[in-house]
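Dear colleague,

Please find below the sequence and structure that I am handing over to you. My findings follow, and I would be grateful if you read them with the structure open.

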Amino acid sequence: MTIEVKNLVKTFGSFRALDGVDLKVESGELVALLGPSGSGKTTLLRIVAGLDWPDAGEVLINGEDALAQGARERHVGFVFQHYALFRHMTVFENIAFGLRVQPRAVRKDEAAIRARVKELLDLVQLDWLSDRYPSQLSGGQRQRIALARALAIEPRILLLDEPFGALDAKVRKELRKWLRSLHHEINVTSIFVTHDQEEALEVANRVVVMDKGRIEQIGSPDDVYERPASAFVHGFIGESIELPVQVEGGVVRLGDRPLALAADGLAPGASRLFVRRHDMLVGPPGSGAFEAAVQHVRNFGPVQRAEVVLSGGRTIEIDAPRDKELRVGDAIGLEPRRYRIFAG
Amino acid sequence: MNGGLVSALAARRRTLPGFGLTMGLTLSWLSVIILIPLAGLFLKSLELSPEQFWNILTSRRTLNALRVSFGLAFAAACVNLVMGSIVVWALVRYRFPGRRLFDAIVDVPFALPTAVAGVALTALFAEKGWLGAPLAALGLKVAFTPVGIFVAMIFIGIPFVVRTVQPVLQDLDPEIEEAAGSLGASRWQTIIRVILPSLAPALLTGFALAFARAVGEYGSVIFIAGNLPNVSEIAPLLIVIRLSEFRYADATAIAVVMLVVSFVVIFAVNRLQRWAQSRIPAR
């Protein structure tokens, strides 16, 4: 099943939640919609599910116009951030719900429903919870039951809205791995929304980075991390140092200081320099593009994180390996191993 | 109350102090306000021999008065349950001009002196009244008939249903309806299978309160009822009549029966409500 949205626009009052979004998800993919809150990612997901309607644009599921159908007809599995389980039903009845409300003509008999629910409970590895009520489960268990409930109707596509957003860090990590292997097993075309970059990069085949109702970049997890397409993506994914620079006549300047950085092919004018924290290499004074003084050092497992003041007076944070220890007050040179300069 | 137990409990270290004092006050207050008057009622009715008691109860007039009171109160509570739910739904789920006004209007039967309500309803539904005249033309006489009692009981009962269900519906996450929809449930299936079961405990409480209020209602009913013995005479009025005839024991006998029946009904509803609640354990 493919999902395709074309030129989707949605406004809430004067706020443009979606501002012309185009996206195609191929059959069997697991795509992450990644962005800060207010970027429009949840709105996009809800429109695909039929829980919200766009002002303009098209949604095609498997090539058919989905906007002609309501949520009920779309046959889409939806998993909510806060589970949205039915509190008055047992786990078993929650999962069976989608099967029990089917039109009489296609409804399975009781034995088949039981068999299907059992199968799903096994799939999410919670068959021993079948008679419990949702309030008796932990957050991680609830979310797995919510997923089983969504899968019960054999949905054409699966949509997950911040599925792990309400869970604590440890459970989140476990469920991420679990979701990836589950997707491998059932292979249903899936989109999940997250604001957690680590989650997106770890789970998805493809990542869609959104900001202010627009798609900034679509690419593999490697692409968006290693080859960010815009200043926003570079700043949002991974820990970045951002410095305002001027490009003039093939020279990059920070304040009034020229930097020994290649400026080939850059448009002149105000620009922004991005460097990953761990790509800033520490050397003796005078050895790199920047001169700096160490102001504060903290040790973080394999790295030492140093707060340094550049000669222009700006403070940045760098991650340096622990082999050569930095001391407060040290004068150092900094050379960006890799960097990107974006106009604007 | 056993003084030794209270002091032993109070002497133990507690994170929340004041147990002895508040518990003592609670027990004395409830005794003075509720238990002692009820006990007095039972004691008074003991002046009658069992045979007299039975005769009073099974007299045609008493039975009819009880039937009118409980039967119409039950019917009115049923109507309030249905209409109150619809009112709550509209008030909670939709935003429309005048919503706050309607929300405030719901409380009017609470606040209005019941005699005022009775006079207003009687004027409205009398044969020459605004609503009474067209209804009389259709052949339905409301004022001074049991139908009038029914109308008054609906009037005073509706806020109980609305006010108990409203907060629960407000807390009900709209996402569960979306979840039901995306799982293929029709709107009707969502209401029957998801929304109503979630509201059931509150609906039962609202029903019980509206019923209890209607059974005990006196002021607004006696104006519109016509108070025809055996036809439109409510049990509380019969008690008043017996009292004015100085037949105190008769009055208390009827009162005891009302008390017991009310208690049994409230107890049953309470059990039912607990059972419904147990299926929705707190989060």
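**The interface of chains A and B**

Between chain B and chain A, 4 residue pairs are in polar contact, both partners being at pLDDT 80 or more. Please keep in mind throughout that this is a predicted model.

On the side of chain B that touches chain A, two elements give two or more residues each: helix H10 (174-182) and helix H11 (187-216) of chain B. H10(B) gives the most, with 7 residues. Sorted by class, that side of chain B has 10 nonpolar, 6 polar and 5 charged residues.

In terms of contacts, 21 residues of chain B meet 23 residues of chain A. Together the two chains bury about 2,200 Å², and 60% of this area lies on carbon and sulfur atoms. Of the area that chain B buries against chain A, 29% is supplied by Ser182(B), Leu183(B) and Arg193(B), more than by any other three residues.

The interface of chain B and chain A holds 1 salt bridge by the rule applied. Arg46(A) forms a salt bridge with Glu178(B), with 2.6 Å between the closest N and O atoms.

**Helix H10 of chain B**

Glu178(B) is among the buried residues of H10(B). The helix as a whole is mostly covered, with 8 of its 9 residues buried. Besides Glu178(B), the buried residues are Glu175(B), Ile176(B), Glu177(B), Ala179(B), Ala180(B), Gly181(B) and Ser182(B).

Both ends of the helix deserve a look. At its start, a side-chain oxygen of Asp173(B) comes to within 3.0 Å of the backbone nitrogen of Glu175(B). Just after H10(B), Gly184(B) adopts a positive phi of about 100 degrees.

Asp161(A) belongs to strand S7 (residues 157-161) of chain A. Which side chain of opposite charge is nearest to Asp161(A)? It is Arg46(A), at a distance of 5.8 Å. Asp161(A) is thus buried yet has no salt bridge, while Arg46(A) forms a salt bridge with Glu178(B).

Leaving aside neighbours within four places in sequence, Asp161(A) is in contact with Thr42(A), Leu45(A), Phe78(A), Val79(A), Phe80(A), Gln81(A) and Val193(A).

With kind regards

Conventions
Residues numbered from 1 in each chain as written. Chains lettered and ligands numbered in written order. Predicted model: local features only at pLDDT ≥ 70, side-chain atom pairs only at ≥ 80, totals over all residues. Heavy atoms only, no water. Helix = DSSP H or I, 4+ residues; strand = E, 2+ residues; numbered from the N terminus. Buried < 20%, exposed > 50% of the residue type's maximum accessible area, 1.4 Å probe, protein only. Lys, Arg positive; Asp, Glu negative; His and termini not counted. Salt bridge = Lys/Arg side-chain N within 4 Å of Asp/Glu carboxyl O. Contact = heavy atoms within 4.5 Å. Buried area = accessible area lost by both parts, 1.4 Å probe. Polar contact = N/O pair within 3.5 Å; in protein donor to acceptor, adjacent residues only side chain to side chain. Nonpolar A, V, L, I, M, F, W, Y, C, P; charged D, E, K, R; others polar.
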